[in-house]
Amino acid sequence: MPKTPRRPPQLRGRIFRGSVAVSRGLLTRNDLRSSAWRPLFRDVYADAQLRVTHRHRCTAATRWLLPSGAAIAGRSAAALFGVTGVSADEPIDVLVHRRRPVAGGQPAAGRRRGPAVGLRVHHGDLAPEDVIDQAGVPVTSAERTCWDLARWCDVVEAVVVIDALLAGRLTDVPTVRDYALSRAGQRGWRALLRAADLADPGAESPQESRTRVRLVLAGLPRPETQWVVTADGRFVARLDLAWPQFKVAVEYDGLWHNDADQFHRDRRRLNQLLGGEWIVLHLTARRLREDFAGFLAEVRAALRRRGHRSRA
C-alpha cells in the first residue's frame with residue numbers, strides 16, 4: 001500500500017518556502033516531491049488541495065522573488081484588478097525598473113532559468129505614481145497597465161484587456177488617451193492611443209472584444225455595443241454588435257448557448273428582429289478561430305445590401 005504523504009497542519013491550505021519548511025523539520029526534501037505539495041516557483045510550494053489562483057501566485061512572487069521597486073504588471077495586473085480570463089498558471093508579468101536588476105540575477109522574459117521560471121520579467125522606467133498597493137502587492141496603475149498591454153501585446157489582445165478595465169470602471173478612454181499624450185515620444189505612446197481609440201467599455205466578453213476589433217481593423221465602420229432594440233416603446237432585444245443605421249447586427253454565440261432554454265429565448269427574440277427587418281449574423285468560436293475571413297465577407301455583404309459603401 002502506498003505511503004500517505006505527510007501533510008503537517010501548519011502547512012495545510014498554505015503557500016510556503018520549501019527550504020523554510022525543511023529547516024523547521026516540518027518536511028523533508030523527499031516530502032516536497034510528494035503529491036501533497038505543488039511547486040509554484042523555485043523553492044515556493046502550495047498545498048495541493050489549495051485552489052491556487054493567479055492572485056496567489058502574484059502574492060507569492062512579490063513576497064519571495066521580486067526586488068523592491070518591482071511591480072506586478074500587464075495581464076497579471078489586470079487579473080488583480082478583477083479582469084477574468086487570466087489563468088492561474090499563466091506566467092506572471094513583472095515590471096522592474098531598468099536601473100534595478102532582478103534579485104539573484106533573474107534573466108529577462110522568455111528565458112527559463114532559476115527563479116524567473118513562471119515569470120515574464122520586463123524592464124523599463126517605473127515612476128512612483130505608476131504603482132499602487134493592492135492588499136500588500138505592488139501593482140501598476142490601471143493607466144500604466146493599459147500602456148504596458150499596448151506595448152507588450154498585439155493590438156487585438158491589448159484591447160480585449162483594456163475593454164475589461166474600462167467595463168470595470170477602473171479607468172476611462174479620455175484618461176487613457178491623456179496618459180498616452182502625456183508620454184508623447186516615449187516608446188509605446190502611439191500604440192496606446194490606437195488601443196484607446198479601439199477600446200469600448202460596452203464589451204461583455206473577450207470574444208465580443210476580439211470580434212469587434214477585428215471587424216474594425218478590417219475596415220468596417222465601428223459597431224455599437226449592446227444596442228437595445230425596441231418596438232412601440234417595448235424592449236425587443238439587446239445586440240452584441242450593431243450598425244443601427246443599416247439594421248445589421250452580429251451576435252457572438254458563446255458556450256451559454258448550449259443551454260436549451262437560453263437558446264430558445266435567444267432565437268425567439270432574434271425572430272422578432274428578423275421580422276423587423278434586421279439582418280442578424282451569428283459568429284461561433286470556431287468560425288472566429290478558423291473562418292473569420294468568411295464571416296467578414298458575410299458582414300460586408302450584409303452592410304452593402306443595406307446601403308453601406310466602403311471607402312476606397
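Residues are numbered from 1 along each chain as its sequence is written, and side-chain values use heavy atoms, with hydrogens and water left out. In this predicted model, local features need pLDDT of at least 70 and side-chain atom pairs count only at pLDDT 80 or more, whereas totals for chains, interfaces and linings use all residues.

Me: How many helices and strands are there in the protein chain?
Reply: Helices (H or I, at least four residues) and strands (E, at least two) are taken as DSSP runs, numbered from the N terminus. On that basis the protein chain has 12 helices and 12 strands.

Me: Which residues of helix α7 are buried, and why do they lie on the same side?
Reply: Pro174 and Asp178 are exposed on the other side of α7. Helix α7, residues 173-182, has Val176, Tyr179 and Ala180 buried. They cover an arc of only 95° around the axis, which puts them on the same side of α7; the arc is that of the directions from the helix axis to the C-beta atoms. The residues asked for are Val176, Tyr179 and Ala180.

Me: Which helices are included in what covers the buried residues of α7?
Reply: Contact means heavy atoms within 4.5 Å. The cover over the buried residues of α7 includes α5 (142-152) and α8 (189-198).

Me: Is Glu90 buried or exposed, and what is its relative accessible area?
Reply: Glu90 lies in the loop between α4 (74-80) and β5 (92-97). Not counting residues up to four places away in sequence, Glu90 touches His54, Arg57, Arg75 and Arg120. Glu90 is buried, with a relative accessible area of 12%.

Me: Is Asp130 buried or exposed, and at what relative accessibility?
Reply: Asp130 is found in the loop between β6 (119-124) and β7. Leaving out residues up to four places away in sequence, Asp130 touches Val139, Thr140, Ser141, Arg144, Tyr179 and Arg183. Asp130 counts as buried, at a relative accessibility of 3%.

Me: Which residue takes a positive phi in the hairpin of β7 and β8?
Reply: Two strands pair if DSSP finds at least two bridges between them. Strands β7 (residues 131-134) and β8 (residues 137-140) pair in the antiparallel sense over 4 bridges, and Ile132 stands opposite Val139 in β8. In this hairpin, with 2 residues between the strands, the positive phi near 50° belongs to Ala135.

Me: How many residues of strand β11 are buried, and which way do they point?
Reply: Val248, Val250 and Tyr252 point one way from β11, while Ala249, Glu251 and Asp253 point the other way, and all are buried. Strand β11 (residues 248-253) is thus mostly covered, and its buried residues number 6 of 6.

Me: In what sense does β11 pair with strand β12?
Reply: Strand β10 (residues 234-243) and β11 pair in the antiparallel sense over 3 bridges, with Ala242 opposite Ala249. Glu251 stands opposite His282 in β12. Over 6 bridges, β11 and β12 (residues 279-284) pair in a sense that is parallel.

Me: How many Å apart in space are Leu303 and Leu220, C-alpha to C-alpha?
Reply: Leu303 lies in helix α12 (residues 292-305) and counts as buried, at 0% relative accessibility. Leu220 is among the residues that Leu303 touches, as are Trp243 and Phe246. Leu303 and Leu220 are 83 residues apart in sequence, and their separation in space, C-alpha to C-alpha, is 9.0 Å.

Conventions. Buried means under 20% relative accessible area, exposed over 50%, partly exposed in between (1.4 Å probe, protein chains only).
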